[in-house]
Structure formats: C-alpha cells, structure tokens
Amino acid sequence: MSRSIKKDDALLPEQFLQWFSARNWHLRDHQLDLCRLSRSRKSALLIAPTGAGKTLAGFLPSLIDLTDTGNLQNTKKSGPHTLYISPLKALAVDVARNLQAPIDDMGLPIRVETRTGDTPHSRRRRQTINPPDMLMTTPEQLSLLLATPEADNFFADLNRVILDELHALITSKRGSLLALALSRLRKLAPNMILTGLSATVFQPDDLRAYLVAQKTGGKTRDLSEVVYGQSGAVPDVRILKTAEHIPWAGHSTLYAVDEIYQAIRTNRLVLIFVNTRSQAERMFQALWHINEDTIAIALHHGSLDVSQRRKVEAAMVAGKLRAVACTSTLDLGIDWSDVDLIINVGAPKGASRILQRIGRANHRLNEPSRALLVPSNRFEVLECVAAQEAARKGEQDSARPLKGQLDVLAQHILGMACARPFAADELYAEICTAAPYCDLARDEFDQTVEFVATGGYALKSYDRYARIKLNEEGKYRLSHPRMAQQYRLNIGTIVADSMLKVRLVKRRRRAGTAFRGGRVLGEVEESFIDQLSVGDTFLFSGQVLRFEGLDEAQAYVSRSSATEPKVPSYYGGKFPLSTYLAKKVRHILAHEDQWQLLPTQVCDWLKLQKRNSVLPSPTNLLIETFPRADKFYLVAYPFEGRLAHQTLGMLLTRRLDRMGAQPLGFVANEYALTIWGLRDMGAMCASGSLSLSDLFAEDMLGDDLDAWLANSSLLKRTFKNCAIISGLIERRSPGREKSGRQITFSTDLIYDVLRQHEPDHILLRATWADAASGLLDIARLGQLLSRIKGQIVLKQLDTISPLAVPIMLEIGREPVYGQASEALLAEAADTLIAEAGRFV
C-alpha cells in the first residue's frame, strides 16, 4: 500500500516533497514506517520484495537527518553519520551510485563514499581524516576500522548503521565477524540505531536479534522492530519445455544451449545464473560458439579480475549487453532495472536462492519478474518443479544463523587489542551482546584469550604464537607492534584455496628466459594449476588458454587455437540441496497426480520405475539391491543432499565391511548414493546376516564417525581454515604471501601436535564444529537417520532400476569437456536403460 505525499507531511523536508512530486512517486507505507522508527531511535528490520524501494527506505531517514540545517552547518565531524554494510563490494559501489542521484537532484551537500578492498590506500587514509557523511563498506573493512586507535573518535558520532541483504551474512562466519564488530560499535556509539534490509527471510527473528544488543544469560532473545513491505506481483517462473533429450545425469546443460540462445534473442537483457564458476565458463563458451547474430554476451564470476567485472557491470548499466553468464556474484541486491529475464541453469538447490535470483529481474513493484529454469538432468526436473511451486507461494528456506565460532572470536580479540589494551571482563560482557555469542561460556572466552596470548598449552613455548600479553594494569595489549600489521594483512573469514594470478602473454618464452608483462585475467586455485603441465589447455575468462608456466606465484598463459580444452575447467563451489526442496521432491515422487507437471520423458521414467520397482515415499527410505557384471549394488534414495550422502556413504562402507559385505566403493549425488561390493547385500538382508535397521542405526554418528575422521584428511583441511581465520597461521606477511603448500605443511604439523598433546584445544573444537555443520552435514544426517527409523523399504531386483540409472552413471566418471562428455554419458545411459527396461 502506498500513500500520496501531502504538503503538511512533517516527516519530509520541502525539497524531498518536491523531488517525489516531480517524479509522480508515492511514498510507501514501509518507507514512512522506517522514518518514524528512526525518529523514535528504534532499530528495525525491513522485509520487502525486490523493487519495493528497500534501499531508499533504508537511507531516507539519514538523508532527512543530514538535510537538517544544524547537521549541514556541522562541517567539522569526527566520523560518518551513516554506515552502510554490504556483503558484496559491487553492491556497495552500486548503492552508492544509485544514492548519488537523489542527492544531486535535490542539491544536498551530502558526501557518499565507498570503502572496500579495492579502495586505494590513499583514499582510505583520507577518509579517516576527512570522513564522508555516508560510508559504504563491507564487514571486513568495518573490522579493520575498529582495530585502530582512532576508532573511538571516528565512530563517536555514528548515528545509523544500515545492513543490506542481512540474510546473506548471518549464515556464515562473516556474519559472526559482523556481529562482533557491531558489539564494539554499540560501545563506541551507544545512541546509534540499526536498520536491516532483506527480501528473502525464512525466520525474521534470526535477523531481528542481530540488530539489538542481547542480554547475557537471557532466556529469550531481544529483538528489533520489524516492518513488512507491500508484496509484489507473483513471479512468472517457467521450466524449459524442450524437445531435446533431457540427460540422465551430469550438469553441463549443453542440450539446452540453442533454446537459451533463442531466449536471449527475444529479450533485451538476460542474466544466466549457474551454480559454479566452471559452469559459467562453459555456458559462456557454448553460447559464443552459436552466436551467429554477434549478440553482446558477457561473463561474470568471482575469479575474474575486478577490472573485468566492473567493465561488465558498467556495460549492463549502460545497456550495452544482451546477456551475462554469471554465478552468485550477481545474486544480491544490485539494481539492474532493465533485466527482462532470469535463466537459472541447473536446479536452484533452494527456494530462497531462486527467489533471490528472480529478484534481479524487472525492478518494478507491480510487474512480475520472469524466470526460466533449465534443469541439467532428470532428477533436477523434479527439483525445478518444486522450486517453481515455492516461488509461486513465496516460500523461503534460507539457512539458520551460524552459532558464533571460536576462530572468528580469536580474530576479533586480536583486533580489539590492536585498537587499545582491553580488560577481559569488559570485552567478555561486550561480546556477549552479539547475537551469535550471547550464550558464550566464560571459560570458552578465557580459553580463546589464552590461545591468542600463547597459542595454547601445547604451543606456549613458541614466542611466535604469543600475540597479546598482560600489561601492568592487568589489561591485554599487543605483544609487538608488528602484530597489528599482521592482523590487517590477514583479516577476514573467507578462506578459499590459495589463488594464483593468471597473466596473459602474447608469445611463448624461450627456455631459460623470464616471462614478460601481460594482462591479468583473474585468479584460479593453486591446486588446479598444480595439475597442469606446460602445453595443457583449459577454459578461463571465456577463452581457451594454453598453460605456459609458473613464475613468482603467477600462472602465465597464452591464447590457444584449440576449440576444446584438454582440461575441462578450474573449480568452483556447489550449493547443497535444501531440506525444503528435498522434501518437496520426495512428495512429487510419491504422488502420481503431480506427474502431470513433468515432461513426458520424465513422467515415463517414473512410471517405469513404479512398474519395475517402487517409488520412495516422503517418510521412508527406499533401498534397492541388484547384481551387475561381477559386482553387487545397494542404492539408497535419501534425497538429503550431496554432503550428507557422502558422509553417509563413508560410514555405511565401514559398517558393511565389518558385517562381511566386502564393499569396494561408493558414489553420491544430491538425491541418492550407491555402494558396490563383492557380496550380494540383498541376499544378506533376506537371510538375516545383514540388518538394515542396524546398518542405518543412529549410533553410526558416534564411534564410527570418530574412527573415520581420525583416519581421514578432512579434519586437517578444515583445521587449516580455522588456523588461518584465528590468526595462528598467517597467509600474508609484508612483501610476501605463503603458497598453499607452505600453509598446508605448517597446519598439518600443528594439527598433529594438538591432537596428540592438547585434544581439547579450541581450534580442534572449532574444526569439529565447522566440519559437522559444513563438509559433513551431521545435523541433516542425524535428522535422516531419526526419520527413517523403522521406515526402511528393501526392494531386491534382478537388474538395475530406472531410478538408479542417474547415480550409476556417476561411477567412474572422468571429467571430459563438451560434446564428447555428452556422447559418452548418452552411450552409458543407453546401456543402463536397456538393462532397466525399454521405454520412450
């Protein structure tokens, strides 16, 4: 609901009334509500759909306040009036650009600047001396500002903090870092208020708790006010109807490239979202090969050089592009008002994620955003149908907030010592006001402080790990001034593989000569470069490149004339299937009346499964066993996501080995897992020598899990990340950066020492918490085991079932790029389908 602006509206100064009237704009209720709450000095969360004016609503109270005569005359200020915090550097830049328009139009003497990792040092230095009225920044830059002796003065007059896309922060360690920074801000600027902005919210109270100080030991959380914006039009989400054969497995989506290209031709600007950076590269390359109309198509993902990403963003704003193949780097909040269509290649993996992406299209409140879902395989068709229904109903499934992690706490403690000496009692009370740490036990805090001071019991004899120490007043201070520099160089919680710059050279060097110059294309994982030999070709930055060699932590490449790379692509993250969509997929499988929503070829596949075997139900776990060649297979259909399935597969093979089933291996995807071995597991179940209830008992998450982890490298890899975030291991020192191999060698040694001599070390606890919630997905696996207790259905078959074909195609697959991959996959699928039963 919106209302016309009246001349006597006391909330808006005259120039604001004129500006709105000149555009025939109406102020919406949620925008007025935020102004009123701001005037009452109340923090609030605004939940409103894309195109509802969230950004203007968030900044309007600050613009009004700064327009006040008294504020305009107060030119000598110690710090910013308003702090805007964004999860993306690009979003901070975009919001600053959009905010400048009304400021310029109304002639307001308000200065807006950005401060991100890309901001030159000279400008950052000037901002601390002559701060802008509004500073747009990121959680990491806020922590850096707070870790300076000038922080007290810089933030003393801070009036408002705006947290954009808050839902995207609270589920990660960046959210913990931000919450800790906010706890210090509340101390420095006790009168400030916070405004959270979000369009996709599953549990509003989770976000509201971030906006106000929590009380130590409180039985309930303290919450901010909440304002709901007007609902927009129901998004128009469709699933690609293709005459092509939908693949059984894989994620290339090459079958749909022609149809995606036709969609680009009939729209002004299309964003093509994929789930990994390597998929973005392949999609861009595939579209470019068939781009007979020379349509302007670009590529955008996080590994590309920042200058290239900014050029793409500027070209979008200028209307020079027709399509962009992109990853989650364009997921959030950036205002591309002329986007006509969102194409999501592959299943979205979450209801909130697809709603977030759909929101990038058509930023006009009363017109529906349009999206086209392109499933990569047949199981993804079911997932896309579930996501389509969720989008129509506006249902959310975003992850819950991450509990405060001890490695992040250690980083923050060092940062506070960089600002000034601290008393442990005072810092503990301050930290407990942060939502993720409101239940932090005092002994955990003390152990974390001790870790920052000594490295812990097992490491305290090494001076290099002593970063803070007690002064004569009983306060902790830096042990040496260089620790402040080390903190600044290693700030942050995002730990990716060590990256190497990819530099393009025009010609190959002669043996024994150095590489010369060349343009930086971006960065790739060091572990990917390690597998290349000189002469290997790979896909990056939208082109096929030839690896020329490595020199001083840079990978040198030249352009290749090859049409297909030898190595498929570099890595990239994958999203897990959400619990909500998994439940919806199980529901579709179990209810035949919903199959009418599916393409004929997928519907026939399920009908054949029903005839030859059975279909999973929403509550049970279907187990199929069958022989093939000289091995025996067990296929389970939990639909709980790849991470939980991989953990389950590892634990099941250990148990099956003890039970005498002689397992040889397993593979897992988002929907199922299969284990193969030398003995007939179905016959073992029928004879009673193998009990499925014992095999899937919940106690597998006890001793079996501990025994597996003790002998795996998974915890070591996780420990490396925790050691880096906590500051125990430094990635960067003045003038140099450690390679991934150097970091791994150091952390592996420390990990072994701690496991042997201090198994309760806080970093080992942080490592287990990370692994359980991330790589292992223990909570979800535990829920599965509880759900299927007494609900396991065994189906013994003489041959493979139709539903098992996709997971069986995962066995032994080697990554092959392009049409060869499609041909090999199709050939293998034909063989399996012939065994399962012939159908159209």
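Tutor: Two strands are said to pair if DSSP finds at least two bridges between them. The structure shown is a predicted model. In this model, β25 and strand β26 (residues 673–677) are joined by five bridges and pair in the antiparallel sense. Within that pairing, Pro 663 has Gly 677 of β26 as its bridge partner.

Student: In what order do the five strands of the open sheet stand?

Tutor: The order is β25-β26-β24-β23-β29, and the pairing is mixed. Because β25 (663–668) and β29 each have a single partner strand, they stand at the edges, and one side of each is left without a neighbour in the sheet. From one strand to the next, the twist averages 20°.

Student: Which strands pair with β23, and in which sense, parallel or antiparallel?

Tutor: Both senses occur. β23 and strand β29 (residues 792–796) run parallel and are joined by five bridges; in this pair, Ile 623 is opposite Leu 794. With strand β24 (residues 631–636), β23 pairs in the antiparallel sense over six bridges, and there Pro 627 is opposite Phe 632. The hairpin of β23 and β24 has two residues between the strands, and Ala 629 in this hairpin takes a positive phi near 55°.

Student: How many residues of β23 are buried?

Tutor: A general idea comes first: in a regular strand, side chains alternate between the two faces of the sheet. As for the case here, six of the eight residues of β23 (residues 621–628) are buried, and the strand is mostly covered.

Student: Which helix lies across β25 and β26?

Tutor: That is helix α23 (residues 642–658), which runs at about 170° to β25. Angles of this kind run from 0 to 180 degrees between N-to-C directions.

Student: Where is Thr 116 placed, and what does its side chain reach?

Tutor: Thr 116 is in the loop between β5 (112–115) and α6 (121–129). With a relative accessible area of 3%, Thr 116 is buried. Its side chain reaches the backbone nitrogen of Asp 118 at 3.1 Å. Leaving aside neighbours within four places in sequence, Thr 116 is in contact with Lys 89, Ala 92, Arg 124, Thr 138 and Gln 141.

Student: How many disulfides does the structure hold?

Tutor: The structure holds zero disulfides. Cys 432 is in no disulfide, and the nearest cysteine sulfur, that of Cys 438, is 8.0 Å away; a disulfide would need the two sulfur atoms within 2.5 Å. Cys 432 counts as buried at 1% relative accessibility, and Cys 418 is buried with a relative accessible area of 10%.

Student: What does the protein as a whole come to in helices and strands?

Tutor: Its secondary structure comprises 32 helices and 29 strands. Of its 840 residues, 57% count as buried. Among contacts between residues at least 6 apart in sequence, 73% join residues at least 24 apart.

Notes:
Residues are numbered from 1 along each chain as its sequence is written. This is a predicted model: local features need pLDDT of at least 70, side-chain atom pairs count only at pLDDT 80 or more; totals for chains, interfaces and linings use all residues. Side-chain values use heavy atoms; hydrogens and water are left out. Buried means under 20% relative accessible area, exposed over 50%, partly exposed in between (1.4 Å probe, protein chains only). Helices (H or I, at least four residues) and strands (E, at least two) are DSSP runs, numbered from the N terminus. A polar contact is a pair of N or O atoms within 3.5 Å; within protein, one must be able to donate a hydrogen and the other to accept it, and residues adjacent in sequence count only if both atoms are side-chain atoms. Contact means heavy atoms within 4.5 Å.
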